[in-house]
Amino acid sequence: MTTTAPEQVEAPQKGFAGESIPRKEDRRLVQGQGVFFDDVKRHGMGYVHFVRSPYAHAGIVSIDVSAAEAVEGVYGTLIGEEVAALTDPFFEMSTPPGNEIRDYALAVGKVRFAGEPVAAVVAETRELARDAAELVEVEYEPLEPVVDAVAALEPGAPVLHEEAGTNVVWSGTFEWGDYDEALAEADRIVRIDRLYFHRFSSTPLECAGALVEYDRGTEQWTLHCNHQMPGIGIVWMAPALRVGTDKLRIVTQDIGGGFGNKITLHPYFVALCLLARKLHRPVQWTEWRTDQHTANTHGNERTFLDVEVPVRSDGTMLGFKVKAVDDAGAFPRYEPLGCIIWAQVTPGCYRWRHVRVDFTQACTNKSPTAPNRGYSRMQQLWFTERVIDVVASELGLDPVEVRKRNYIRADEMPYETPNGCVYDSGDYARCLDIALDLVGYDSLEERRRDAESRGKLLGLGIGSTLDSGTNNFGQSQLLNPELQFSGNNEVATVRLDIFGEIVVTLGTTPQGQSHETVASQVVADLLGVTPNDVHVRAGHDSYWNSHAGFSGTYASQFAVTGLEAVRGATLALADQIRRLAAIILGAGGPDDIVLEESMAKRRDMPEAALPFMACGAIINVNNAGLPPELDDVTLNCRYVYRPPFEVPDIERKFGNLTLTYATQIHACVVEVDPETGVYEIVDYAAVDDCGTRIHPQIVEGQVHGATAHALGAAMFETFPYDENGMLLASNFYDYHVPHALDMPPLKTGFIESPSPFSSLGTKGMGEGGGAGIHAVCAALQDALRPVGSPIVTESHNPYHRVWELIRDPAASRAGIEVSGA
Amino acid sequence: MKVEGTRRYEAPRDRVWEILNDPVEMAGLMPGVESFEIVDETHWKAKVKVPLGLGSMKMSIDFEKTESRPPEHASLQAKGKGVGAIMSMETQFDLAEDGGATDMRWQADVRILGQVASMGQRVVQPIVNQQVEQVLTALDKRVAVKAGEA
């Protein structure tokens with residue numbers, strides 16, 4: 001086995017990479033043969049139902065489970081006091097006092113959001129567990145809730161975590177470039193008092209859950225589950241359970257969508273581990289849909305206050321200043337990472353050089369937040385896009401021209417942002433031209449007149465987005481220098497088995513991203529076989545030796561971390577096959593062997609060929625008499641990919657935070673009914689640049705999905721709370737997710753700007769959907785110019801909000817001010 | 001959620017007061033009351049079935065009379081628990097005599113928590129309005145009957 005990368009070999013000129021081959025996963029999924037965690041059953045298993053708090057904020061006076069336990073068929077219960085005795089709180093990543101927060105698997109002493117689990121009941125059926133849970137008597141002492149992050153920071157606001165003594169999770173300032181210099185250079189200063197990015201989330205088809213078994217002999221838990229970041233998941237869970245990470249085996253196969261909200265399942269999973277051990281039986285929990293809405297993590301809500309943008313008269317953007325207040329919900333479960341992850345895309349697509357950001361994250365009595373497709377960058381990118389359109393509107397400039405003037409140019413790549421991130425490649429202006437062409441920008445004025453003749457207002461909006469992928473976890477040290485995380489990694493193993501089978505295992509946890517297909521393309525090209533010859537194990541199993549600290553599928557990284565690991569392992573295997581074949585075939589050395597048609601052939605004499613089947617057999621079962629120089633040849637190669645990152649400069653908060661930057665430029669045309677505010681997207685284009693595409697159809701599918709997510713967030717999807725902290729959209733009746741009929745006709749385009757930082761030229765992608773939110777906001781603002789030029793200051797714009805903008809445009813403009821420098 | 005209103009009863013104030021302050025009388029006026037128990041002079045309990053969209057929800061409600069100034073003012077606190085819902089209500093009324101008739105001003109502050117509340121005002125507000133209307137209408141009839149008895 002080797003962990004060093006051998007010398008590079010050339011991939012075939014024309015290979016499988018770049019072709020939309022049939023997906024390997026489809027046969028089983030289309031035939032209903034996928035294995036999701038809920039398909040895994042065990043003899044004698046019990047079903048878990050969580051008793052959840054109806055209060056957003058309350059003390060727990062008492063919990064009585066006796067009536068529930070007395071029901072026939074109920075196997076047992078778990079309450080917070082037991083959790084507090086048997087586990088340690090999950091580790092907190094913030095600095096004091098934010099890190100004083102104590103977060104357990106079940107509520108201990110008090111509840112902090114409606115839907116927080118306070119007890120668990122296990123019974124022989126799911127229904128019985130649910131019924132018995134109603135018999136658990138919890139006495140609460142209601143406390144005043146706080147449901148707004150800005151209000152949570154005010155003196156006298158109710159404090160969620162007395163241990164911390166404050167609702168502040170993390171707070172800090174970021175100063176890059178010379179903002180005062182930007183002010184001095186500016187011709188005009190545009191001020192915006194408030195922009196607001198709303199709370200919503202993704203709603204995967206498959207809710208969260210796990211089947212957990214405890215082996216009393218080995219004291220080990222096996223979790224068949226749909227966790228999408230097992231590497232970090234066990235780092236949270238094992239210390240809480242007071243065991244080593246080897247005691248937690250995480251197994252996934254098919255996962256019905258992740259989007260980030262299957263990253264922070266550790267509180268539930270720890271409760272399941274305790275139950276499996278306590279009750280001597282496997283336990284299974286499948287989240288109910290209502291609970292997915294109410295208590296699974298939501299995307300971050302962010303308020304941008306006191307925005308100031310120094311600009312030149314021609315629309316050149318010099319810098320920006322903003323005070324951002326982020327809402328973490330009741331517990332910082334993945335936070336405060338969101339307080340730095342936005343900085344991967346600090347200036348968005350633009351050449352802003354002088355930046356001053358005051359960032360504070362607060363706890364509120366709402367469901368905790370965690371990554372959601374475009375985590376923390378989506379909010380920042382929406383902010384930059386809104387600023388561009390507001391400035392264009394107030395200075396009377398064309399938003400297309402302002403973008404082109406300020407976009408980072410293709411000839412400036414790789415481009416270092418003011419905070420040291422390196423944008424690897426891309427051509428934003430060209431993507432924009434393609435998008436504009438697709439929506440018929442040249443005939444826009446004509447279409448405006450046509451719409452007007454039908455009593456409608458037509459508008460065009462642009463959304464420019466970067467999808468930063470392959471995190472440098474060292475960015476966590478910019479929040480808390482004590483944290484011992486940096487870099488990133490992913491693992492793959494590739495081996496040649498007895499009968500010549502090529503078997504690949506991945507550390508990733510695909511949730512629909514087709515890793516089996518894409519990995520097989522890369523392996524096939526490097527070994528001279530077809531993807532049919534490559535068997536990629538489905539899913540993830542931490543028993544496999546393809547597992548590392550950051551293993552998982554999140555944050556747009558498979559195309560780099562996953563494929564680099566696959567490539568590294570495959571190159572190592574290819575080298576071993578060539579060394580073996582050189583000796584068997586009597587060639588001069590490994591370089592005299594070529595791999596093609598599932599054979600190792602002598603370059604000078606191709607008829608001298610050793611089939612892979614023979615190679616596999618020789619090493620595995622027929623190895624007597626092999627020379628000592630083959631002692632290290634196992635034909636079973638493991639490779640750990642580590643991106644070339646440095647620890648960022650903590651003093652300056654400066655450094656490269658992500659390796660690749662895919663681009664998505666969207667253009668949206670809306671028609672608004674000025675009488676009602678009802679609007680329709682009549683034309684839409686999404687242009688994607690994720691570097692070299694291994695499987696164009698899969699990329700296109702992700703572009704479609706991400707766009708649907710974004711349009712949902714822009715128009716329909718929101719998680720509002722009432723003043724008591726009750727979520728008002730706990731089901732699909734109130735929370736409308738766009739379906740096929742809600743989608744506009746979608747035009748797509750692409751360019752390929754290969755990344756200079758990945759061997760295959762690939763970039764992580766799939767999260768660029770935020771572009772749709774920006775594009776809809778911009779299109780509405782453009783359409784409403786004839787009715788008083790209201791300014792769109794919120795990311796969520798349902799019809800009634802558009803109607804309000806039309807009815808009272810001055811109200812939306814009240815917070816906008818332009819002054820000479 | 002605050003609801004309030006005024007209502008005129010064609011009966012003397014004492015009559016109206018009598019009914020409103022007799023828990024047994026009131027239990028008879030509330031829709032969906034399945035059982036009722038008087039704990040002491042100021043506390044009583046009821047099990048109520050509240051209609052809720054497609055189904056109904058059973059709630060056990062504890063009532064406490066918090067203020068009483070016969071025959072003009074009373075206030076009452078109610079706390080209810082049901083599957084997926086917690087209800088609390090503070091209600092008060094004032095009675096004013098106007099000739100032989102009585103004017104009642106009433107208000108109630110209803111808080112509903114839990115999954116039922118998550119269904120939003122769309123469902124809850126009409127239900128609260130409907131329940132209140134039913135009580136007031138039943139009270140109308142009862143007052144008329146009592147006035148007839150006198």
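1. Two strands are taken to pair if DSSP finds at least two bridges between them, strands (E, at least two residues) and helices (H or I, at least four) being DSSP runs numbered from the N terminus. On that basis, strand β19 (residues 490–496) of chain A pairs with β26(A) in the antiparallel sense over 6 bridges. Within this pairing, Thr493(A) stands opposite Arg638(A) in β26(A). Strand β26 (residues 636–641) of chain A has 5 of its 6 residues buried, so the rest of the structure largely encloses it. Here a residue is buried if 20 or more other C-beta atoms lie within 10 Å of its own, exposed if 12 or fewer, and partly exposed in between, with C-beta atoms placed from the backbone.

2. The model is predicted: local features need pLDDT of at least 70 and side-chain atom pairs count only at pLDDT 80 or more, whereas totals for chains, interfaces and linings use all residues. Residues are numbered from 1 along each chain as its sequence is written, while chains are lettered from A and ligands numbered from 1 in the order in which they are written.

3. Chain A is divided into domain 1 (26–34 + 489–641), domain 2 (38–143 + 207–255 + 262–295) and domain 3 (176–201 + 297–473 + 648–820), with bounds that come from an automatic or database domain assignment. The C-alpha centres of domain 1 and domain 2 of chain A are 39 Å apart. Contact between these domains involves 18 residues of domain 1 of chain A and 14 residues of domain 2 of chain A, two residues being in contact if their C-beta atoms, placed from the backbone, lie within 7 Å. On the domain 1 side, the touching residues divide into 7 nonpolar, 10 polar and 1 charged. In this classification Ala, Val, Leu, Ile, Met, Phe, Trp, Tyr, Cys and Pro count as nonpolar, Asp, Glu, Lys and Arg as charged, and the others, Gly among them, as polar.

4. Chain A also holds an open sheet of 8 strands with mixed pairing, in the order β3-β5-β1-β12-β9-β10-β11-β22. Strands β3 (74–79) and β22 (540–541) of chain A stand at the edges; each has a single partner strand, so one side of each lacks a neighbour in the sheet. Strands β10 (residues 220–225) and β11 (residues 248–252) of chain A run parallel and are joined by 4 bridges. Trp221(A) stands opposite Leu248(A) in β11(A).

5. Val146(A) lies in the loop between β6 (137–142) and α5 (149–152) of chain A, and counts as buried because it has 25 C-beta neighbours inside 10 Å. The C-alpha atoms of Val146(A) and His796(A) are separated by 22 Å, the two residues being 650 residues apart along the chain.

6. Chain B contains 4 helices and 7 strands, which follow the pattern β-α-α-β-β-β-β-β-β-α-α along the sequence. Its C-alpha trace spans about 45 × 30 × 25 Å along the principal axes. Of the 150 residues in chain B, 25% are buried. Among contacts in chain B with a separation of 6 or more, 46% are between residues 24 or more positions apart.

7. The contact between the chains takes 12 residues from chain A and 10 residues from chain B. On the side of chain A that touches chain B, the residues divide into 6 nonpolar, 4 polar and 2 charged.
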